[in-house]
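Here is a colleague's note to read with the model open beside it. Please keep the sequence and the structure at hand while going through the points.

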Amino acid sequence: MTDATRDFQIAPSILSADFARLGEEVDDVLASGADIVHFDVMDNHYVPNLTIGPMVCAALRKHGVTAPIDVHLMVRPVDQLIGDFIAAGASIITFHPEASDHIDRSLQLIRDGGCRAGLVFNPATPLSYLDYVMDKVDMVLLMSVNPGFGGQSFIPATLDKLREARRRIDASGRDIRLEVDGGVKVDNIAEIARAGADTFVAGSAVFKARNESDPHRYDGVIREFREQLAGVR
Ligand code: DX5
Ligand code: ZN
């Protein structure tokens with residue numbers, strides 16, 4: 001797929017949303033033009049932080065959220081929670097390969113449950129984990145920060161890694177999304193897209209940019225993201 005034909009998707013990370021009003025925050029960000037909901041699951045074991053689980057995902061579905069929910073598992077082990085998130089209404093489930101004892105099986109579990117499956121690569125995790133499972137992934141997610149917290153700075157070496165991931169995806173000829181997560185801002189999203197990403201997670205950049213005139217709208221920052229992306233060829 002060439003840059004000109006790639007469709008770009010914005011995935012606000014609800015890690016930076018107001019958890020006391022989560023349903024409303026998700027409604028607001030989707031009404032403001034976001035494409036998918038990025039749902040960060042941390043277990044205080046694989047990463048040093050603790051967030052939300054399948055009950056919250058199910059609650060968002062019950063609240064009426066119909067957009068794709070992109071579940072990013074930062075947990076170890078992964079298989080039990082894969083099943084729980086399938087039942088809770090997840091659309092995409094990604095996990096860190098070093099957190100699974102049987103990567104192929106975990107990927108298959110996700111697809112068998114009717115969800116799209118992906119692997120997540122920490123800044124120092126090699127892309128070689130893709131070598132024998134390219135036919136079982138629908139998404140490759142590159143972390144551009146170390147996982148665990150929102151609001152960190154984008155690690156520049158991710159750009160070269162994105163180019164390499166894009167090369168592998170294009171060479172496979174498969175329909176695989178390339179997502180980037182961590183430190184994505186209005187001033188770097190175009191460069192990240194040029195390096196090959198097509199799906200952009202943004203937590204603090206979105207949720208810190210509530211419209212001044214209407215606190216239920218985030219369309220200013222989402223429009224700015226799209227303006228930046230429109231210039232990418
Ligand atoms: C970090 C999470 C991210 C985080 C990104 O471990 O996976 O999704 O919310 O936050 P920002 O966009 O603020 O770097
Ligand atoms: Zn994430």
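The points below take up the annotated residues, the ligand and the nonpolar cores of this predicted model.

1. The unreviewed UniProt entry lists Asp 40 and Asp 181 under "active site".

2. Asp 40. This residue is found in strand E2, which runs over residues 37-42. Because the cut-off for a buried residue is under 20% relative accessible area, Asp 40 counts as buried with its 5% relative accessibility. Beyond its neighbours within four places in sequence, Asp 40 is in contact with Ser 13, Leu 15, Thr 51, Ile 52, His 72, Met 74 and Asp 181. With one of these residues, Ser 13, the side chain of Asp 40 makes a side-chain polar contact at 2.7 Å.

3. Asp 181. The second residue of the annotated set is found in strand E7, residues 177-181, and Asp 181 is buried, its relative accessible area being 8%. Leaving aside residues within four places in sequence, the contacts of Asp 181 include His 38, Asp 40 and His 72, and also Leu 141, Leu 142, Met 143, Ser 144 and Val 145.

4. Surroundings of the ligand. Which residues come nearest to ligand 1? Of the 20 residues around ligand 1, they are Ser 13, Asp 40, Asp 181, Gly 203 and Ser 204. On the polar side, a side-chain atom of His 38 lies 3.4 Å from an oxygen atom of ligand 1. Polar backbone atoms take part as well: one of Gly 148 is 2.8 Å from an oxygen atom of ligand 1, and a backbone N or O atom of Gly 183 lies 2.8 Å from an oxygen atom of ligand 1.

5. In the unreviewed UniProt entry, the annotation "binding site" covers Ser 13, His 72, Gly 148, Phe 149, Gly 150, Gly 151, Asp 181, Gly 182, Gly 183, Gly 203 and Ser 204. The lining of the largest cavity takes in residues from this set, including Ser 13, His 72, Gly 148, Asp 181 and Ser 204.

6. Gly 148 lies in the loop between strand E6 (139-143) and helix H5 (158-172), where Gly 148 is buried with a relative accessible area of 2%. Apart from residues within four places in sequence, Gly 148 is in contact with Met 42, Val 47, Asn 49 and Met 74. Ser 204, by contrast, has its place in helix H7, residues 204-207, and counts as buried at 10% relative accessibility. Not counting residues up to four places away in sequence, Ser 204 touches Ser 16, Gly 151 and Lys 185, and the side chains of Ser 204 and Lys 185 make a polar contact at 3.0 Å.

7. Nonpolar cores. In soluble globular proteins, nonpolar side chains tend to be buried together. Here the largest nonpolar core has 71 residues, and Ile 14, Phe 39 and Phe 200 touch the most other members. Leaving aside neighbours within four places in sequence, the contacts of Phe 39 include Ile 14, Ile 52, Val 56, Leu 60, Ile 69, Val 71 and Phe 85.

Notes
Residues are numbered from 1 along each chain as its sequence is written. Chains are lettered from A and ligands numbered from 1 in the order in which they are written. This is a predicted model: local features need pLDDT of at least 70, side-chain atom pairs count only at pLDDT 80 or more; totals for chains, interfaces and linings use all residues. Side-chain values use heavy atoms; hydrogens and water are left out. UniProt positions are given in the numbering used here, feature names are shortened, and annotations may be inferred rather than shown by experiment. Helices (H or I, at least four residues) and strands (E, at least two) are DSSP runs, numbered from the N terminus. Buried means under 20% relative accessible area, exposed over 50%, partly exposed in between (1.4 Å probe, protein chains only). Contact means heavy atoms within 4.5 Å. A polar contact is a pair of N or O atoms within 3.5 Å; within protein, one must be able to donate a hydrogen and the other to accept it, and residues adjacent in sequence count only if both atoms are side-chain atoms. A nonpolar core is a set of buried Ala, Val, Leu, Ile, Met, Phe, Trp, Tyr and Cys residues joined through side-chain atoms within 4.5 Å. A residue is near a molecule or strand if one of its heavy atoms lies within 4 Å of it. On a 1 Å grid over the protein atoms alone, a cavity is a set of points where a 1.4 Å probe fits but cannot get out, and a pocket is an open set with protein on both sides within 12 Å along at least five of seven lines; lining residues have an atom within 4 Å of a point.
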